[in-house]
Amino acid sequence: MKKPLRIGLVGYGFMGRTHSNAFRKVGNFFDLEYEPVLQAICARDAAKAQAFADNWGYQSIETDWRKLVERKDIDLIDIGSPNNTHAEIAIAAAKAGKMILCEKPLSMDGKEGAKMVKAIEKAGVANMVWYNYRRVPAVALAKQLIDEGKLGRIFHYRAKFLQDWTISKDLPQGGTGLWRLDAKVAGSGVTGDLLAHCIDTALWLNGRMTTVNAMTETFVKERKHTLTGKVQKVEIDDACAFLAKFDNGSLATFESTRYARGHKALYTFEINGENASIAWDLHDLHRLQYFDYRDEGKLRGWRSIHISDSDHPYMKNWWVPGLQIGYEHTFVHQIADFIQAISKGEKPCPSFRDALDTQYVCDAVLKSAKTQKWEKVPKTKL
Ligand SMILES: NC(=O)c1ccc[n+]([C@@H]2O[C@H](COP(=O)([O-])OP(=O)(O)OC[C@H]3O[C@@H](n4cnc5c(N)ncnc54)[C@H](O)[C@@H]3O)[C@@H](O)[C@H]2O)c1
């Protein structure tokens, strides 16, 4: 008999759906000690929260996250609301002794993130941030190959995350669905939203980043604000590109924009080592490209590995070899890993502290874009 893990979810948007789907599926595909129970969904609009609860099978609703956090029948608070809500909810949840899952980016900036980490670590509660791309089987395989030393010394890391949905200057900022354009809610633009993913993956695969040199641009300077009805200055970065150096001596380039016409969510990375290179593309997420210089010369070339075999990460839990999985499964893997970690008394990852490292890189990137100088990435010290 599995033990219940009673979930209280905040936010029924895009991430509310991915998380709910993961909570529902995980027990069917992974053999775990705990079974997520959809105890309550919290959002400010009661009718919409009820409709979400009915659709996904939540047993109750709340319209104020403070009430959710106080409830004795909830073990874990899952934060799937916009960035400016993460800190307050997480700190209150930690004080109430709840386990906490939080969407990325951890916080509005490093200072706020550090306060969260302090509170969570003081409370000693299990915690994890939803940097879900770590759980794409192809990306997890990349991590295995690097850790096994297959690439040898790493020289280059190259990542980009391209979208095109904010090109129209008539698009308003703020409010439902458009809070990502409002710096007071999002913290930053593509840096915290998209590059944060690239940075988290990079720190995981390639180690600590030491210095960065960035440029940002806001192409549309003013937009009508949905909530005030007024035309207001746009304070987010629409595009950001930066150079970086890693502790291991490798050099990196990162680029993100919401102005790359034709691209919806093109997250790619390539890593070049002395023996081998790997490349991955979110639009082809079930493949890992691999080149190994040590192959026999006449057969040497890029291999496109179809990540669907039972010896690939996570794949034995799904279908038969040859059949692939997709985006939503990354969230199933992440909650499976979380439950496995707490069952073994281990720390789930990425933890709030891991996510704070990404926040510090984002801060250094935004600072460098202003100073036009190389900036050091501060080490996480609390
Ligand atoms: N891991 C990923 O790949 C990924 C992808 C998208 C979004 N995110 C992150 O997830 C979070 C949510 O993004 P989204 O795309 O789901 O946004 P969304 O706009 O689709 O949904 C946000 C939800 O939060 C609710 N909300 C807002 N303020 C609230 C409050 N004070 N109390 C309760 N509910 C509140 C809204 O009603 C809505 O249901 C953000 O932090 C975002 O950066 C992560």
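**Close-up views of a predicted model**

**View 1. A six-stranded parallel sheet.** Six strands build an open sheet with parallel pairing, in the order S3-S2-S1-S4-S5-S6. The model is predicted: local features need pLDDT of at least 70, side-chain atom pairs count only at pLDDT 80 or more, and totals for chains, interfaces and linings use all residues. Residue numbers start from 1 along each chain as its sequence is written. Strands (E, at least two residues) and helices (H or I, at least four) are DSSP runs, numbered from the N terminus. Two strands pair if DSSP finds at least two bridges between them. Strand S3 (60-62) and strand S6 (127-129) stand at the edges with a single partner strand each, so one side of each is left without a neighbour in the sheet. From one strand to the next, the twist averages 25°.

**View 2. Strands S1 and S4, and helix H2.** Strand S1 (residues 3-10) and strand S4 (residues 76-79) run parallel and are joined by four bridges. Val 10 has Ile 79 in S4 as its bridge partner. Helix H2 (residues 46-56) lies across strand S2 (34-42) and S3, at about 155° to S2. Axes are lines fitted to C-alpha atoms, for helices over the stretch in contact, and angles run from 0 to 180 degrees between N-to-C directions.

**View 3. Helices H4 and H5.** Helix H4 (residues 86-95) packs with helix H5 (residues 110-123) at an angle of about 15°, and their axes are 8 Å apart. That makes H4 roughly parallel to H5. Angles under 35 degrees count as roughly parallel, over 145 as roughly antiparallel, 65 to 115 as roughly perpendicular and the rest as oblique. H4 contributes Ala 87, Ala 90, Ile 91, Ala 94 and Lys 95 to the contact, and H5 contributes Glu 112, Lys 115, Met 116, Ala 119, Ile 120 and Ala 123. Residues are in contact if their C-beta atoms, placed from the backbone, lie within 7 Å. The contact of H4 with H5 has eight nonpolar, no polar and three charged residues. Ala, Val, Leu, Ile, Met, Phe, Trp, Tyr, Cys and Pro count as nonpolar, Asp, Glu, Lys and Arg as charged, and the others, Gly among them, as polar.

**View 4. The shell around the ligand.** The ligand is surrounded by 22 residues, the closest being Gly 11, Gly 13, Phe 14, Met 15 and Glu 103. Helix H1 (residues 14-29) supplies the largest share of the shell, three residues. The shell divides into nine nonpolar, nine polar and four charged residues.

**View 5. A nine-stranded mixed sheet.** Nine strands form an open sheet with mixed pairing, in the order S16-S15-S14-S13-S7-S12-S11-S8-S17. Strand S16 (303-306) and strand S17 (375-376) are at the edges, each with a single partner strand, so one side of each is left without a neighbour in the sheet. Strand S14 (residues 276-281) pairs with strand S15 (residues 287-292) in the antiparallel sense over four bridges. Ser 277 stands opposite Phe 291 in S15. Helix H6 (residues 137-147) lies across S14 and S15, at about 165° to S14.

**View 6. Helix H10 on strands S8, S11 and S17.** Helix H10 (residues 352-371) packs on the sheet and touches strand S8 (209-217), strand S11 (239-246) and S17. The direction of H10 makes about 55° with that of S8. Eight bridges pair S8 with S11 in the antiparallel sense. Thr 216 stands opposite Cys 240 in S11. S8 and S17 run antiparallel, joined by two bridges. Val 212 has Glu 375 in S17 as its bridge partner.

Note on methods:
Contact = placed C-beta atoms within 7 Å. Near = placed C-beta within 6 Å.
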